[in-house]
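I hope they are handy to keep open beside the viewer.

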Amino acid sequence: MIRYDYLKPSSLEEAIGLLKQYGGQAKLIAGGTDVMVDIRQKKYAPQVLISLRGIEGLSYIREEDGGLRIGALTTHRELEKSPLVRERLGALADAVDNLGSVQIRNVATIGGNICNAAPSADTAPPLLALGASVRIKGSEGERVLPLEEFFLGPGETALKDDEILVEFIIPSPPPNSASAYWKHTRRQAMDLPIIGVAMMLAVEKTEAPALKEAFGREAPLEELLGALDKSELVCQEVRLALGVAAPTPMRASKAEEFLRGKRVTQEALLQFGEIASSEATPRDTVRGAAWYRREMIKVLPKRLALKCLERILHKNQKEGGK
Amino acid sequence: MRKQISFLLNGEKVEVEVEPHWTLLYLLREVLELTGAKEGCGMGECGACTVIVNGKAVVSCLFPVMEVEGAEVWTVEGLAETSPGGLHPIQRAFIDNGAIQCGFCTPGMIMSAKALLDENPNPTEEEIKTAIEGNICRCTGYIQIIRAIEAAAKGGSDEGGVR
């Protein structure tokens, strides 16, 4: 058993002071569902764990400037049950519904999921697709960083030794938009994604009665795609984010650029997926082979686009919680 | 480097000296000799160590003992002790529905069920499945467990209080 001291500061200033004092020998802990496992597996042996759970005011979901602010200590269960998240952040709601078990979601935090910086972190692609930034506090003050610039490698982030991620800033979504996340797994619960795809799509107008009707009666894929081709929906804005597709969660920016301003058709979505796949650099792992991941990245964006369109046309970001 | 913590355990105040690197599960089993919660995987995957902390089901194998300070903790032992007749209605429902075979997962399963029913007395089958998705059972195949939790919930609402 690795021995360490466990400190529970009651303010951010105190926590930052402790981080500075211990240099690289301290490790921050929030819910602990990654940190406790990593220590047990001897991935690291910190002198001291500094808990953020004694600091008030780091757990919240609130509206600000038309967007949402989420405190870093907010648990996945709180996100899962938040009407604001379900209504506005469909992709994030999709992710937290299927992350770990209830016992894990009750304690695991969104800040912890992001700071652990696993290539498979379920909340990373949704937050990237939603255009999130992170607010960071340290001994030299505060800074805000786009989430894309936060991930440096597997388990590596832009945080300095004395810095703490305190908040996610999610901008106001464009009009006629929705988002979705698809976690491609081998089993339905308690699994990590083979590939994760999140998408935010905004269209110019929302008149597409045939497509809306097809979604309404849960028509088969062929019919949905046929109705899509007949609709005149033009992509106004799109963000596509991939997990387990590269050493860090990533945006597929070439694919985004391709689709922006184009009519959303079967053909366009196919090319969109192929471009995204060409941007990815997946590896062979126990969960899946690189070639398989590349193939899935080609086809999954089509599924995500349909999910976004369904949510746009039916104005429900995400059906009721579990 | 021992530190003093105090918390409510199964309704009673406990003051105990702990090493800061212990988990709640270690304290329960090895120090307080409450062996209902089991260590299965030790990595938060199997749910055999599930207990309730401040009303929420958590895996005690990943719960730092220092976070228990001031908290209210319930283990399976507390359910029996505080129920008239020696068994909690959920425990009774597990027996009546054959939801037990080897018994290793049972304390965790029951604590997950209790956290669910405390929050949501009339869960759907889907909600029950979600509540126990982190509790692995290798004997029963889950069906009897789901039926038992349904029965415990029904007992609470239809018959004016569980047996």
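1. A word on domains to begin with: their bounds come from an automatic or database domain assignment. On that basis chain B is divided into domain 1 (3–75) and domain 2 (79–157), and the centres of domain 1 of chain B and domain 2 of chain B, taken over C-alpha atoms, are separated by 20 Å.

2. Some ground rules for reading on. This is a predicted model, in which local features need pLDDT of at least 70 and side-chain atom pairs count only at pLDDT 80 or more, while totals for chains, interfaces and linings use all residues. Residues are numbered from 1 along each chain as its sequence is written, with chains lettered from A and ligands numbered from 1 in the order in which they are written.

3. On confidence, the model scores ipTM 0.94 and pTM 0.94. Chain B averages a pLDDT (the predictor's confidence in each residue, from 0 to 100) of 93, and 95% of the residues of chain B score at least 70. The stretch to treat separately is 157–163 of chain B, where the pLDDT is below 50; beyond near neighbours in sequence, this stretch has 9 contacts in the model. Two residues are in contact if their C-beta atoms, placed from the backbone, lie within 7 Å.

4. Back to the two domains of chain B: 15 residues of domain 1 of chain B are in contact with 14 residues of domain 2 of chain B. Strands E3 (50–53) and E4 of chain B each supply at least two residues of the domain 1 side, and E3(B) has the largest share of that side, with 3 residues. Helices (H or I, at least four residues) and strands (E, at least two) are DSSP runs, numbered from the N terminus. By class, the domain 1 side of chain B has 7 nonpolar, 6 polar and 2 charged residues. Here Ala, Val, Leu, Ile, Met, Phe, Trp, Tyr, Cys and Pro count as nonpolar, Asp, Glu, Lys and Arg as charged, and the others, Gly among them, as polar.

5. Which elements of chain B give two or more residues to the side that touches chain A? The contact between the chains takes 24 residues from chain B and 25 residues from chain A. On the chain B side, the elements in question are strand E4 (56–59) and helix H5 (125–131) of chain B. That side has 10 nonpolar, 8 polar and 6 charged residues.

6. Chain A is divided into domain 1 (5–51), domain 2 (61–170) and domain 3 (177–314). The C-alpha centres of domain 1 of chain A and domain 2 of chain A lie 19 Å apart, and their contact takes 13 residues from domain 1 and 17 residues from domain 2. Helix H1 (residues 12–22) of chain A gives the most to the domain 1 side, with 5 residues.

7. Do look at the open sheet of 3 strands in chain A, with the order E1-E3-E2 and parallel pairing. Strands pair if DSSP finds at least two bridges between them. The edge strands are E1 (5–7) and E2 (26–29) of chain A. E1(A) is joined to strand E3 (residues 48–51) of chain A by 3 bridges, and A:Tyr6 stands opposite A:Leu49 in E3(A). H1(A) lies across E1, E2 and E3 of chain A, running at about 165 degrees to E3(A). Axes are lines fitted to C-alpha atoms, for helices over the stretch in contact, and angles run from 0 to 180 degrees between N-to-C directions.

8. A second open sheet in chain A has 4 strands in the order E11-E12-E13-E14, with antiparallel pairing; E11 and E14 of chain A are its edge strands. Strand E12 (residues 195–203) of chain A is joined to E13(A) by 8 bridges, and the bridge partner of A:Leu201 in E13(A) is A:Val238. Helix H5 (residues 90–97) of chain A packs on the sheet, touching E11 and E12 of chain A. Helix H13 (residues 290–314) of chain A also packs on the sheet, touching E11, E12 and E13 of chain A.

9. Finally, two backbone details. A:Asn176 is not a glycine but has a positive phi of about 50 degrees; A:Val244, also not a glycine, has a positive phi of about 60 degrees. A:Val244 is in the loop between strand E13 (235–243) and strand E14 (250–251) of chain A. A:Asn176 counts as partly exposed because it has 16 C-beta neighbours inside 10 Å, and A:Val244 counts as buried because it has 27. A residue is buried if 20 or more other C-beta atoms lie within 10 Å of its own, exposed if 12 or fewer, and partly exposed in between, with C-beta atoms placed from the backbone.
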